[in-house]
Amino acid sequence: MKNDTIDSHQPARNTNLDALRRLSPYLKPVRGRMIGSAVAVLASMMCGLLIPLVIQRILDGPVATGDTSALGWMVAAVGVLGAAEALLFFTRRRLISGPSTRAEAELRKDLYHHLQRLPIAFHDRWQSGQLLSRAVSDLSTLRRFIAFALIFLVVNSLTLVIGLGVLFLLDPMLGLISTLCAAPLILISTLYESRYAVLARRSQDQNGDLATTVEESVLGIRVLKAFGRGPHLAARFAEQARELRRTELRKVHVVGLLWGAIIVLPEIAIGGQLLYGTFGIANGTMTVGTLVAAVAVATYLRWPTDSIGWLLAETNQAATAAMRYWEVRDAEITITDPPVPRRLPATARGHLRFENVRFAHPGSDTEILRGVTLDVRPGETVALVGATGSGKTTLTALVPRLVDVTGGRVTVDGVDVRDLELGQLRRVVATAFEEPVLFSASVRENVALGGTEVDEDDVRQALRVAAAEDFVDALPWGLDTRIGEQGLSLSGGQRQRLALARAVVGRPSVLVLDDPLSALDVHTEAEVEHALRSVLRDVTALVVAHRPSTVQLADRVAMLSGGRITAVGTHSDLLAGNAEYRALLSTDDDARSEVVA
Amino acid sequence: MSAPTNQADQVTTPGPDEQWRGVAAEDVTELDAVVGARLQKRSRVLLASLVRPRLWTALLALALVVTENLVVLAGPLMIAITIDTGIPNAIDGDTAVLAWCVGGYLAAGLGGAALRFAFLKVSGRFGQDVLLDLRQRVFGHAQRLSLSFHEDYTSGKVISRLTSDIDSLHDLLEDGLDGLLTAVLSVFGIAVMLLVLDLPLGLLVLTGLIPVVLVTRWFYLRSRYAYRNTRGAIAKIIVQFVETMNGMRAVQAFRRESRNESILAGFNDEFRGANKRALDVMATFTMTVRLVGNLSLALVLAIGAVRVVQGGLELGVLTAFTLYLRRFYDPLDELAMFANSYTSAIAALEKISGVLEERPTVVDPASPVALPPAKTGRAVTFDGVEFRYSTGGPVVLPRFDLAVPAGQTVALVGATGAGKSTIAKLVARFYDPPSGRVALSGVDLRSVADAELRRAVVMVTQENFLFAGSVADNIALGRPGASRAEIEAAAEAVGADEFIRALPGGYDTDVRKRGGRLSAGQRQLVAFARAFLADPAVLVLDEATSSLDVPTERAVQRALESVLADRTALIIAHRLSTVLIADRVLVVEGGRIVEDGSPAELVEHPAGGRFAALHRTWLESLA
Ligand SMILES: Nc1ncnc2c1ncn2[C@@H]1O[C@H](COP(=O)(O)OP(=O)(O)OP(=O)(O)O)[C@@H](O)[C@H]1O
Ligand SMILES: Nc1ncnc2c1ncn2[C@@H]1O[C@H](COP(=O)(O)OP(=O)(O)OP(=O)(O)O)[C@@H](O)[C@H]1O
Ligand SMILES: [Mg+2]
Ligand SMILES: [Mg+2]
């Protein structure tokens with residue numbers, strides 16, 4: 001569950017705000033609407049502020065003097081201002097609904113785009129729950145921030161300033177009282193911000209961990225059921241959920257303190273103004289209307305003031321969300337197209353060479369491959385054998401550049417794979433992984449996957465090669481049947497054959513098959529082998545094998561041991577001449593003799 | 001396995017109620033009124049069941065917010081008194097009233113702040129308790145649901161239920177509830193205040209509520225529709241994300257990226273559209289409420305001013321009225337916020353309650369029968385079992401009987417897709433057969449308590465799964481609470497000890513997501529050690545050694561032979577070397593057991609049986 005990339009982050013104020021600032025390209029195209037929306041809020045606030053002033057006129061004018069002739073237009077002014085305020089409310093929301101939702105969608109799209117290009121090494125390290133919580137809950141936090149908090153942060157501060165200005169105009173002393181009471185806001189919010197930021201970050205990370213546990217609980221449901229460990233995991237989940245609850249409660253505490261402190265301030269101001277105003281009226285230096293207007297304005301300023309706490313919380317939350325978002329977006333795509341791609345020669349067909357290839361996992365100092373040199377000639381099939389954990393899978397992943405070598409090079413038709421355009425390389429090289437990776441989509445989608453140029457005939461032909469056509473046709477909707485998540489509504493052998501069909505469908509010139517027949521019975525294996533042979537005749541293939549039966553597909557066998565190819569030859573030569581190979585592959589063991597005896 | 005479209009195939013047409021049970025209505029965007037009402041009721045029932053156990057906390061929060069509102073309401077009243085009596089008195093030199101009023105105003109402010117803090121704490125606790133409860137309920141329920149449910153539902157949807165749907169409820173509890181309580185109370189309180197201050201003007205203001213109620217109804221219907229769609233769309237986004245992340249190797253190696261991006265763009269657009277609609281509906285709503293509020297203010301001013309001039313109304317009352325009126329309509333905005341969070345949460349609860357409504361097809365018995373004591377192995381019997389994965393689906397195992405005596409090691413062989421794993425999964429009670437029964441020591445599995453069954457029967461599934469965490473933790477899953485020595489002994493017994501010790505952190509090495517830090521064979525060894533540690537009476541191994549190299553497999557077999565001596569075991573393997581250690585071999589073909597005998601007998605089958613043929617092919621492959 002540990003994620004070293006995540007734990008190390010100390011939310012610092014500047015970086016937090018930087019993370020928010022970096023969102024601006026997403027808002028640029030909709031800048032007009034954002035500004036329009038802010039103007040609408042501001043205008044509506046102005047209307048709201050003007051209304052008390054008109055009321056003042058009414059109270060000091062017609063009401064005080066008893067002359068109602070001007071009352072009509074004054075009331076009309078209140079009505080018009082009120083209607084304008086309402087309309088501006090509407091305008092603001094309508095203007096911002098588009099930009100905020102669009103920005104969210106764009107951010108998500110770009111995140112997905114980036115994630116799909118990040119190397120496998122990244123995905124092995126990052127739990128999908130953490131990625132998911134960024135793509136969903138962090139982005140919706142950002143959407144809310146853009147739609148509400150961002151604009152109000154600007155507008156409320158402005159309103160506060162303007163409102164204070166109005167108060168100063170009404171009476172400098174009244175303005176001063178409000179200003180004095182607003183000043184501590186700055187102090188309070190700085191004090192609280194750093195505390196809140198830490199909690200916001202923790203809660204968002206905990207949310208990600210929770211999502212991870214949920215994901216594991218469903219994907220591993222068979223194991224959990226088989227061992228009856230559902231309750232065990234549920235207890236772990238409950239513990240995590242309780243931790244999240246604790247964090248959230250701490251957040252509530254901090255926000256509560258802040259909020260409490262903030263709402264007292266305007267009240268003190270109003271109280272002070274009342275006191276001052278009364279003496280003013282008593283001394284005849286102020287009118288009742290002015291005092292009522294001042295109190296009304298001060299009341300009106302309550303919301304912009306009160307909201308500062310909430311806005312700060314939202315801003316903090318958004319900043320943390322943005323930071324988490326950029327953490328992933330900033331992860332480097334290490335496997336990229338070369339600046340100047342080379343093209344494969346038109347004539348040659350898949351000459352695969354490993355030249356002194358070395359490989360160590362990032363962050364680990366032990367090399368798994370220590371100078372592998374192997375030549376697979378065009379059209380040749382080479383079996384790769386080696387003990388469990390010897391690095392066979394690692395070697396196969398180098399060909400389609402799921403990982404890159406740390407030393408030496410892999411070439412196809414004489415061109416270093418790192419000099420080829422990724423798209424082209426992966427069109428030329430096809431892989432079947434040791435564990436079939438299937439999606440909850442139709443059989444057709446699963447076989448064709450990214451191949452846009454693949455038609456139904458190709459799919460069927462590939463299924464035939466994998467001896468899978470019969471069972472696919474027997475499915476309720478044939479090729480269009482949706483198979484369950486990870487293909488789990490199919491039998492093990494059926495899954496493996498679909499993955500095999502996928503590898504052969506695009507007519508690749510280099511096939512890399514990682515233990516492709518391990519889940520097949522002897523008969524089906526023979527059948528697939530037979531069909532594969534016809535394919536392999538003109539395809540270069542590297543086939544990882546554990547069984548003598550699979551090895552027999554190959555023209556030659558290479559043995560991987562201690563990070564090097566220690567022997568290359570035909571199966572029978574190696575059996576006869578290499579003791580290690582014999583130990584690894586010969587099955588003339590006690591079990592067999594037991595029965596035959 | 002399901003139909004190509006999203007709609008579940010309705011093989012039978014049950015009553016309207018049954019048809020929408022559980023998660024059936026999830027992907028349907030247009031619901032008829034009856035079904036819609038039923039789903040809403042379901043959500044509300046769930047909400048009520050979450051609130052009931054902590055009703056007192058809720059009431060405390062309510063009391064706090066009521067008091068806070070009363071205290072805050074006193075504010076304008078103080079101002080009115082100040083203007084009406086405080087100021088005139090002060091002019092006359094008597095400042096007592098003024099001092100009381102201003103002091104009262106300040107006290108009200110302070111009290112309000114303290115009450116607000118208390119309310120936030122209490123309601124925060126309430127909300128978090130509700131969420132914790134719901135999270136645990138949904139998680140626990142998802143764990144209890146049967147495999148057949150999960151096969152169709154996908155992990156992404158469960159994740160979206162437990163994350164983004166719960167977040168919606170969180171929003172409701174955090175902001176919405178506060179908004180609702182404050183709004184309802186202050187609207188109510190102010191309304192009373194207005195009526196008391198001046199009846200005719202008060203009534204005038206209250207008629208303004210009629211259009212507000214109408215527009216609220218309109219808003220509720222529209223936003224509900226929009227929010228149902230956002231829930232559906234976000235779930236699709238999550239499913240797509242999860243599947244992509246888990247299948248990243250295939251995505252990259254087979255250039256699936258751009259197709260995936262266009263799929264996601266579709267869902268993203270759907271989500272964006274629905275969210276925008278919800279926001280737009282909200283825009284119209286708040287505008288109407290504001291408009292009504294401001295127009296009534298103008299009206300009150302017109303009438304009030306005339307009446308003051310004519311001497312029918314105190315100036316202070318009019319002042320208080322205008323101040324109250326602003327406060328009357330502000331909470332209505334909060335009410336809108338509440339309505340917004342509420343519809344969103346109800347849409348989310350609809351999905352969550354759907355999952356909770358699903359009943360496991362494999363249920364823990366209400367009154368379990370204890371298994372008779374057994375030293376080591378247990379007998380496994382199939383009586384007239386017929387099996388299909390879904391009603392209406394093809395029969396995978398036609399009716400058959402099978403008796404495996406205690407202590408016997410049985411190997412299942414046969415072509416892929418023959419039904420071997422299915423038989424094994426029935427023994428581990430992943431599914432219940434629709435007809436016939438599977439029994440353990442003579443007791444129908446359906447009446448064995450789950451905990452007892454899992455102690456007695458353990459299955460290593462064909463698709464092994466490691467959890468992120470240390471190697472030791474993964475092995476310990478076989479028997480939580482096992483000591484480190486026991487864990488190491490289990491690993492040693494299956495020959496995994498050597499490679500584990502070679503890992504940088506030994507047994508504490510984090511195997512990473514799905515065990516990605518290990519090779520396929522190493523993962524199998526860990527899974528094997530896990531079963532070994534569980535030490536069950538009946539061990540079911542489904543291709544547990546398929547990715548091992550031959551010497552390792554042989555070591556595992558030797559370990560097996562000693563372990564299985566007195567245990568019942570069901571072994572599925574394509575490598576006949578594994579099969580040959582069995583006491584008995586069953587050949588499965590098209591779901592039927594077509595041959596049954598000891599390996600030696602079957603190999604020597606005179607008529608050239610299937611196993612004999614398999615054996616021959618295998619021998620040839622070794623040559
Ligand atoms: N991310 C990683 N960091 C460090 N070591 C790793 C990582 N992933 C795998 N390894 C180690 O690399 C070695 C080679 O793994 P690989 O999957 O290539 O083996 P393999 O030959 O395919 O084995 P198998 O036959 O079991 O599939 C293993 O010992 C494994 O523990
Ligand atoms: N969850 C499921 N839902 C629907 N059908 C299934 C499910 N699991 C398996 N099947 C089908 O049932 C049949 C038997 O599958 P099973 O997994 O028992 O085969 P198997 O003998 O174990 O094959 P293998 O050797 O390939 O693992 C297959 O046709 C398969 O497609
Ligand atoms: Mg491997
Ligand atoms: Mg199987």
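This is a predicted model: local features need pLDDT of at least 70, side-chain atom pairs count only at pLDDT 80 or more; totals for chains, interfaces and linings use all residues.
Between domain 1 and domain 2 of chain B, two residue pairs are in polar contact, both at pLDDT 80 or more. Salt bridges between domain 1 of chain B and domain 2 of chain B number zero. On the side of domain 1 of chain B that touches domain 2, the elements giving two or more residues are helix 5 (147–153) and helix 8 (209–246) of chain B. Helix 5 of chain B gives the most to that side, with three residues. By class, the residues on this side of domain 1 of chain B divide into three nonpolar, two polar and one charged.

Six residues of domain 1 of chain B are in contact with five residues of domain 2 of chain B. Together the two domains of chain B bury about 440 Å², with 47% of that area on carbon and sulfur atoms.

Chain A can be described in the same terms. Its assignment gives domain 1 (99–329) and domain 2 (352–596) of chain A, and the C-alpha centres of the two lie 52 Å apart. Four residues from domain 1 of chain A and five residues from domain 2 of chain A take part in the contact. The area buried between the domains of chain A is about 440 Å², 61% of it on carbon and sulfur atoms. Of the area that domain 1 of chain A buries against domain 2 of chain A, 76% is supplied by Ile120(A), Leu219(A) and Arg222(A), more than by any other three residues. Across this interface of chain A the rule finds zero salt bridges, together with one residue pair in polar contact, both at pLDDT 80 or more. The side of domain 1 of chain A that touches domain 2 of chain A has three nonpolar, no polar and one charged residues.

Attention now turns to the interface of the two chains. Chain B contributes 176 residues to the contact and chain A contributes 180 residues. The chains bury about 16,000 Å² between them, 65% of it on carbon and sulfur atoms. The count of salt bridges between chain B and chain A is 14. In one salt bridge, the side chains of Glu261(B) and Arg117(A) meet at 2.8 Å, N to O. Polar contacts across the interface of chain B and chain A amount to 53 residue pairs, both residues at pLDDT 80 or more. On the side of chain B that touches chain A, helix 10 (residues 257–310) of chain B gives the most, with 29 residues. That side of chain B divides by class into 80 nonpolar, 52 polar and 44 charged residues.

Over all chains, the structure holds 66 salt bridges. Arg201(A) and Asp205(A) form a salt bridge, their closest N and O atoms being 3.1 Å apart. Both residues lie in helix 9 (residues 184–219) of chain A, four residues apart, about one turn of the helix.

Finally, a database annotation can be set beside the model. An unreviewed UniProt entry places the feature "domain: ABC transmembrane type-1" at residues 35–317 of chain A. In the model, this span of chain A is 93% helix and 0% strand, and its end C-alpha atoms lie 23 Å apart.

Conventions:
Residues are numbered from 1 along each chain as its sequence is written. Chains are lettered from A and ligands numbered from 1 in the order in which they are written. Side-chain values use heavy atoms; hydrogens and water are left out. Contact means heavy atoms within 4.5 Å. Buried area is the accessible area (1.4 Å probe) that two parts lose on being put together, summed over both. A salt bridge is a side-chain nitrogen of Lys or Arg within 4 Å of a carboxyl oxygen of Asp or Glu. A polar contact is a pair of N or O atoms within 3.5 Å; within protein, one must be able to donate a hydrogen and the other to accept it, and residues adjacent in sequence count only if both atoms are side-chain atoms. Ala, Val, Leu, Ile, Met, Phe, Trp, Tyr, Cys and Pro count as nonpolar, Asp, Glu, Lys and Arg as charged, and the others, Gly among them, as polar. UniProt positions are given in the numbering used here, feature names are shortened, and annotations may be inferred rather than shown by experiment. Domain bounds come from an automatic or database domain assignment.
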